[in-house]
Amino acid sequence: MGRKLLTEHINVEGIDTFEVYRKHGGYRSVEKALKTMTPDEVVEEVKKSGLRGRGGAGFPTGMKWSFLAKPEGIPRHLVCNADESEPGTFKDRHLMSKLPHLLIEGMITSSYALGANTSYIYIRGELLYVLRILEKAISEAYANGFLGKNILGSGYDLDLHVHPGGGAYICGEETALLESLEGKRGNPRNKPPFPAVQGLYARPTVVNNVESIAAVVPIINDGGDEYAKLGVGKSTGTKLFSACGHLNKPGIYEIELGVPVEEFIYSDEYCGGIWKGRELKAVVAGGSSVPILPKELILKTAAGENRLMTYESLSDGGFVTGTMLGSGGFIAMDETTCIVRNTWSFSRFYHHESCGQCSPCREGTGWMEKVLHRLEHGHGHMEDIDLLVSVAKQIEGNTICPLGEAAAWPVAAAVRHFRDEFEWHVTHAKEAARPGAVYPGKAVLA
Amino acid sequence: MEPTNAPAKPQFSAAAQDEIKRIITHYPEDRKKSALLPVLHIAQAEFGGWVSPEVQTLVAETLDLKPIEVYEVATFYTMFNLKPVGKHVLEICRTGPCMLRGSDELTAHLERLTGAKVGGETSPDGLFTLKEVECLAACGFAPIVQVREKYYEQLDTPENVDAMLTELRNMVHRPILPWEALAQN
């Protein structure tokens, strides 16, 4: 079992309370940063760690922080993106409900580094019970002098608030999140200006995922160089993967980046193999928006090597033979899974969640859902398959925010790797439309 | 003269008003609108699980907004119910990972057991409203139903489904809201 930096104490009884969390080394990073480091030194450690955004995009966190505009006299903000809503991804909910103080500690240390005096945790509205847990933990942090005025006598002030969303996947996009935090519909903003220049209330703002902010704690405690020793190449440190679908042991696993995908799926230490003794058919490795891969391609890279759980290895071969690490939402599908039905389900999700601001996304997501619905229900035509690819291509790159790509990629990848199965849904429409029908053939390997 | 049969204008309870005051302090003074989503959540919990036009107007007055600013937000986010609901709103996750673990069967089962159809319909006894929702971020414990702030997980066995419905049927009083609990302490 590799090292655990975030979840080491997750099962300790009472770890959600300040007292127990503190006993297990909690809030050391705040003491170290505020008493012995300048804000720039904290940023430097995060840069050295090689930490990449854990919300899905994988952008280097330290670099993102260094883009923050710092004009005199204008407040700036840190906003935690806790609007986890991507199908397959459920790590942040777990982390926040079990270890609320870890996120709060990360928020304090990170806010200090960025010079923010008011920070927000934007949490998805469905998780109101987690909001209560966080609010209780925040009040404990205030009571113990880790939030508020003159924290630990350092002269640094910070207020931290939790803000609930209202049920909209699009609010996970950082500019939509800021709109929502300002009390508006969650329509993404045109960029530039980027939030680092004009974010919340048009002030310089950094938006980071829950797990990224939590990772700042061990980075400051042990130093960026120590963190960078874990992992492989540019994929440093540990990462939470949320595994679901047809696995024997679905759940949340913190792994050191670099574990082979095959080991992650089959070893007892992790997911324990495919349920009911069945064969693996396909995997969506990083949340529903990343391209699906058939078994053979998820286990081996384009070069024929074992695929590893790293940003680079998972994307090896581009979208033809690779996928993305994304948010770490790992969805495994067994041999009885209908790929057309599954693709339709994801398409329905993106159609439902499109904010409707851009025509290609608003119209395109609905169009793809409609075509997939008729293929799945036995009314499809052969031309529909190319139509799907064509619509996906027309959405890609033509929208204000990446929801367009998130909707297009899964459809394009499903057709690329499982075209035979889509064709079977046309040639054997009646048979394929039956509930539980399974395509008898194999995936097309690109 | 005022018509005597006019419906009473909704008013927030004292505890909810205190909670709203606390929330407003989280944002800059000239950015009161930021409190809109949290206040809509409070309003929905206070007034029977949905936000009627009258309640939306009350929210607008509370935050010094125009009613249209509340309407356009309430209609954008899926958590706000715009028509009356039953005592318990069952939000059934139907997205990919839940579907892989049997959410279609769960939906059909719940429709049979409650007598309501998904899509916001309420059962004849007024107890259950069934809604299909997209991902609830609990995919590893699928299939899932959320009822207010509680998650019911691994509903792939009849026993688990029955246990959930029994628990909800036996819930005589509505759960105490967090700000009410604060006021009691």
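Visitor: What makes up the secondary structure of chain B?
Guide: Chain B has eight helices and five strands. Helices (H or I, at least four residues) and strands (E, at least two) are DSSP runs, numbered from the N terminus. The model is predicted: local features need pLDDT of at least 70, side-chain atom pairs pLDDT 80 or more, while totals for chains, interfaces and linings use all residues. Residues are numbered from 1 along each chain, chains are lettered from A in the order written, and side-chain values use heavy atoms, without hydrogens and water.

Visitor: Why is F67(A) called partly exposed?
Guide: Its relative accessibility is 48%. Buried means under 20% relative accessible area, exposed over 50%, partly exposed in between (1.4 Å probe, protein chains only). So F67(A) counts as partly exposed. F67(A) sits in the loop between α4 (61–66) and β1 (77–82) of chain A.

Visitor: Which residues touch the most other members of the largest nonpolar core?
Guide: F422(A) and F12(B), in a core of 153 residues. Such a core is a set of buried Ala, Val, Leu, Ile, Met, Phe, Trp, Tyr and Cys residues joined through side-chain atoms within 4.5 Å. Helix α18 (residues 403–427) of chain A gives the largest share, 12 residues.

Visitor: Why is this core said to lie between domain 1 and domain 2 of chain B?
Guide: Domain 1 (14–76) and domain 2 (88–169) both give residues to the core, so it lies between them. The bounds come from an automatic or database domain assignment.

Visitor: How much of chain B is buried?
Guide: Buried residues are 54% of its 185 residues.
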